Amino acid sequence: MDDYGFHNVWDIVLYDNELLSDEDALNTFFYEALKKSGFKVIGHLCHKFTSDGEGVTGIFLLSESHLSFHTYPETHYISIDVYTCGKKAICIHRDIESFFKNSKKFTVRGLERGSNLGAYQLIRG
């Protein structure tokens, strides 16, 4: 089995933070976007915090690996992490970009992973 994978992370800052406290809207969006992109969801967990900013955290276990997200309504920020083996996360990128189209800041970074990659590189920001 080929262990080649893709790890993508999104850092998004919104103008309006209302969505970032809406557990149902976020859970539904990510579930539908994963299905539409051809991923197989084999489990998921979502939790809405009731103190310290009312954020939401969620994880979707995929047969291809995982998607996780965490919101910080108090700073209008959501972090999204998608790691997939054998399938590029770019197929879900368009849905994420569209869903969060009215963002103040939208950053995505990608990393290739697997045992057959070249020498280890430490990237410092």
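What follows is a chat about a predicted model and the reasons behind some of the words used for it.

Me: Let's start with Asp11. Why is Asp11 called buried?
Reply: Its relative accessibility is 16%, and buried means under 20%, so Asp11 counts as buried. Asp11 lies in strand 1, residues 5–14.

Me: What makes the link between Asp11 and Tyr77 a polar contact?
Reply: The two side chains come to 2.3 Å, and the cut-off for N or O atoms is within 3.5 Å. Asp11 also reaches the side chain of Arg109, at 2.2 Å, so that pair sits within 3.5 Å too.

Me: Which residues is Asp11 in contact with, leaving aside its neighbours within four places in sequence?
Reply: Tyr77, Ile78, Ser79, Lys105, Phe106, Thr107 and Arg109.

Me: On to charges. How many salt bridges does the structure hold?
Reply: There are 4. As a rule, side chains of opposite charge can pair when their charged atoms come close.

Me: What makes Glu32 and Lys35 a salt bridge?
Reply: Their closest N and O atoms are 3.8 Å apart, and the limit is within 4 Å, so the pair qualifies. Both residues lie in helix 1 (residues 23–36), 3 residues apart, or about one turn of the helix.

Me: And why are Glu32 and Lys35 called partly exposed?
Reply: Glu32 has 40% relative accessibility and Lys35 has a relative accessible area of 42%. Buried is under 20% and exposed is over 50%, so both values fall in between.

Me: How do you know that Lys36 and Asp95 meet in a salt bridge?
Reply: The N to O distance is 3.0 Å, and the definition asks for within 4 Å. This pair links distant parts of the chain: Lys36 is in helix 1 and Asp95 in helix 2 (residues 90–99), 59 residues apart.

Me: Are Lys36 and Asp95 buried or exposed?
Reply: Lys36 is exposed, because its relative accessible area is 65% and exposed means over 50%. Asp95, at 14%, falls under 20% and therefore counts as buried.

Me: What about Glu54 and Lys48, what makes them a salt bridge?
Reply: Their closest N and O atoms are 3.0 Å apart, which is within 4 Å. Glu54 is partly exposed at 33%, and so is Lys48 at 24%.

Me: Which residues of helix 2 are buried, and what do they pack against?
Reply: The buried ones are Ile92, His93, Asp95 and Ile96. They pack against strand 1, helix 1, strand 4 (65–72), strand 5 (77–85) and strand 6 (103–113).

Key: Residues are numbered from 1 along each chain as its sequence is written. This is a predicted model: local features need pLDDT of at least 70, side-chain atom pairs count only at pLDDT 80 or more; totals for chains, interfaces and linings use all residues. Side-chain values use heavy atoms; hydrogens and water are left out. Helices (H or I, at least four residues) and strands (E, at least two) are DSSP runs, numbered from the N terminus. Buried means under 20% relative accessible area, exposed over 50%, partly exposed in between (1.4 Å probe, protein chains only). A polar contact is a pair of N or O atoms within 3.5 Å; within protein, one must be able to donate a hydrogen and the other to accept it, and residues adjacent in sequence count only if both atoms are side-chain atoms. Contact means heavy atoms within 4.5 Å. A salt bridge is a side-chain nitrogen of Lys or Arg within 4 Å of a carboxyl oxygen of Asp or Glu.
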